[in-house]
Amino acid sequence: GVFALAIKFGAWTLVANLLGWGVAVTFSYFANSRWSFERDRSLGDAKSALRFISSGALITLGVSSAVLFALSDAIGVMPAKLIGLVLAAILNFVAAR
């Protein structure tokens, strides 16, 4: 995806992570707002998006970035990214409960 493409073109690992995260969160917000959850129309689109991002998406960015920072030199960028995604998904699930 975006992360792998950014890495291929020489982006720093954490910058590539931020780019990939931004695309994923944007897609997730629009897909979920259309098909999965009801938006609070009184909030408006900008506040609704901010609430969506702050409610869980920041967890994924923080966890995946921390794992990439800590492990990418030792085990490689892609294995670290995979571990970060799995841990972030678990923590995001727990936080949403």
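Which residues form a nonpolar patch on the surface? In this predicted model, the members are Val-2, Trp-12, Val-15, Leu-19 and Val-23, and together they have about 500 Å² of accessible area. Helix H2, which covers residues 13-35, gives the most to the patch, with three residues. Val-15 is found in helix H2. Its relative accessibility is 37%, so Val-15 counts as partly exposed: the value falls between the 20% limit for buried and the 50% limit for exposed.

**The overall picture**

Let us step back to the whole chain. The protein chain has four helices and zero strands, so to speak an α-α-α-α run when followed from the N terminus. Of its 97 residues, 29% count as buried. The chain exposes about 6600 Å², and carbon and sulfur atoms supply 69% of that area. Among contacts between residues at least 6 apart in sequence, 49% join residues at least 24 apart.

Among the elements, H1 has the highest mean pLDDT, at 96, while helix H3 (residues 44-75) has the lowest, at 83. As a reminder, where pLDDT is low, the predicted coordinates should not be read in detail.

**The core and its surroundings**

The largest nonpolar core is made up of five residues: Phe-3, Ala-6, Ala-16, Leu-68 and Ala-80. In soluble globular proteins, nonpolar side chains tend to be buried together.

Ala-11 is found in the loop between helix H1 (2-8) and H2.

Ala-70 and Ala-80 are 10 residues apart in sequence, with 8.4 Å between their C-alpha atoms. Ala-70 is found in helix H3, and its relative accessible area of 55% makes Ala-70 exposed.

**Pairs across the sequence**

Tyr-29 lies in helix H2 and is buried, with a relative accessible area of 6%. Ala-88 lies in helix H4, residues 77-96. Is Ala-88 buried or exposed? Ala-88 has a relative accessible area of 1%, so this residue is buried. Not counting residues up to four places away in sequence, Ala-88 touches Ile-59, Thr-60 and Val-63.

| Pair | Separation in sequence | C-alpha to C-alpha distance |
|---|---|---|
| Ala-70 and Ala-80 | 10 residues | 8.4 Å |
| Tyr-29 and Ala-57 | 28 residues | 9.7 Å |
| Ala-88 and Ile-59 | 29 residues | 6.6 Å |

The Ala-88 and Ile-59 row describes a pair that is also in contact.

Note on methods: Residues are numbered from 1 along each chain as its sequence is written. This is a predicted model: local features need pLDDT of at least 70, side-chain atom pairs count only at pLDDT 80 or more; totals for chains, interfaces and linings use all residues. Side-chain values use heavy atoms; hydrogens and water are left out. A nonpolar core is a set of buried Ala, Val, Leu, Ile, Met, Phe, Trp, Tyr and Cys residues joined through side-chain atoms within 4.5 Å. Buried means under 20% relative accessible area, exposed over 50%, partly exposed in between (1.4 Å probe, protein chains only). Patches are made of residues with over 30% relative accessible area and no salt bridge: like charges are joined within 9 Å, nonpolar side chains (Val, Leu, Ile, Met, Phe, Trp, Tyr) within 5 Å. Accessible areas come from the Shrake-Rupley method with a 1.4 Å probe; for residues, only the protein chains shown count as cover. A salt bridge is a side-chain nitrogen of Lys or Arg within 4 Å of a carboxyl oxygen of Asp or Glu. Helices (H or I, at least four residues) and strands (E, at least two) are DSSP runs, numbered from the N terminus. Contact means heavy atoms within 4.5 Å. pLDDT is the predictor's confidence in each residue, from 0 to 100.
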